[in-house]
Amino acid sequence: MNYMAKIAEMLGVELGEVFCMKHKHFSLRLREYKITSEGFWARMPCSEEWVDLASADFELLFSGKVEIIKRPWKPKMHEKYWLVCGVCAIEPEAVESIWHDSVIDLMYYKNGCVYRTKEECERNKKSDYEKLTGEKWKW
């Protein structure tokens, strides 16, 4: 039986999700990591090649000496996502969009304003509005 999906779930990541790890007493590590059904993988950020030499790093994770730092979720091309949109004096609302790697998509992503679900977007709409406009929430 393969337990990799359960391990990923216990650690709060999805199979194949790329993340970093941070030592409790040092700065961020330079590697990126992922868990797949085949094992634990690591790579340098400037590399496309994943290697399965990450077992020592995962031992640090399992012993509590490092913690996972999740990267912001980024939709795949043509994938649905949610963002806060407001026009003039109308209260901003969560709206669905499709990812195209456009300037608008990337602007929302770089500002941390891209969400998988409408509910997640709704929870963040006040702070997103203030972050994107520089204005106070007035609704």
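This section describes charged and aromatic side chains in a predicted model.

Salt bridges are considered first. The structure holds eight of them. One joins Glu32 to Arg71, with the closest N and O atoms 2.7 Å apart. This pair connects distant parts of the chain, since Glu32 belongs to strand β2 (residues 32-36) and Arg71 to the loop between β4 (66-70) and β5 (80-85), 39 residues apart. The two partners can also be described by their accessibility. Glu32 has a relative accessible area of 10% and is therefore buried, the limit for that class being under 20%. Arg71, at 37%, is partly exposed. Arg43 also takes part, as Glu32, Arg43 and Arg71 are linked in a network of salt bridges.

A further salt bridge is formed by the side chains of Glu91 and Lys125, at 3.4 Å from N to O. Here too the pair links distant parts of the chain: Glu91 is in the loop between β5 and β6 (93-98), Lys125 is in helix α4, and 34 residues separate them. Glu91 has a relative accessible area of 37% and so is partly exposed, whereas Lys125 is buried, with a value of 14%. The side chain of Lys125 also meets that of Glu122 in a salt bridge, with an N to O distance of 3.3 Å. In this case both residues lie in helix α4, three residues apart, which is about one turn of the helix. Glu122 is partly exposed, its relative accessible area being 32%.

Helix α4, which spans residues 118-133, also contains Asp128. Asp128 is buried but has no salt bridge. The side chain of Asp128 instead makes a polar contact with the side chain of Tyr115, at 2.7 Å. When neighbours within four places in sequence are left aside, Asp128 is in contact with Val84, Gly112, Cys113 and Tyr115.

The aromatic side chains were examined next. A pair of aromatic rings is described by the distance of the centres and the angle of the planes. Nine aromatic pairs are counted in the model. In one of them, the ring centres of Phe19 and Phe58 are 6.3 Å apart and the planes are at 85°, so the arrangement is edge-to-face. This pair links distant parts of the chain, with Phe19 in strand β1 (residues 19-23) and Phe58 in helix α2 (residues 55-62), 39 residues apart. Both Phe19 and Phe58 are buried. Tyr129 and Trp137 form another edge-to-face pair, because their planes are at 85°, with the ring centres 5.7 Å apart. Tyr129 counts as buried at 11% relative accessibility, and Trp137 counts as buried at 18%.

Ring pairs also join Phe19, Tyr33, Phe40, Phe58 and Phe62 into a cluster. The pair of Phe19 and Phe58, with its edge-to-face geometry, thus involves two members of this cluster. Finally, a charged side chain is placed against an aromatic ring: Lys74 lies over the face of Tyr109, at 5.3 Å from the ring centre.

Terms used. Residues numbered from 1 in each chain as written. Predicted model: local features only at pLDDT ≥ 70, side-chain atom pairs only at ≥ 80, totals over all residues. Heavy atoms only, no water. Helix = DSSP H or I, 4+ residues; strand = E, 2+ residues; numbered from the N terminus. Buried < 20%, exposed > 50% of the residue type's maximum accessible area, 1.4 Å probe, protein only. Lys, Arg positive; Asp, Glu negative; His and termini not counted. Salt bridge = Lys/Arg side-chain N within 4 Å of Asp/Glu carboxyl O. Polar contact = N/O pair within 3.5 Å; in protein donor to acceptor, adjacent residues only side chain to side chain. Contact = heavy atoms within 4.5 Å. Phe/Tyr/Trp six-rings, centres within 6.5 Å; stacked < 30°, edge-to-face > 60°. Lys NZ or Arg CZ within 6 Å of the ring centre and 35° of its normal.
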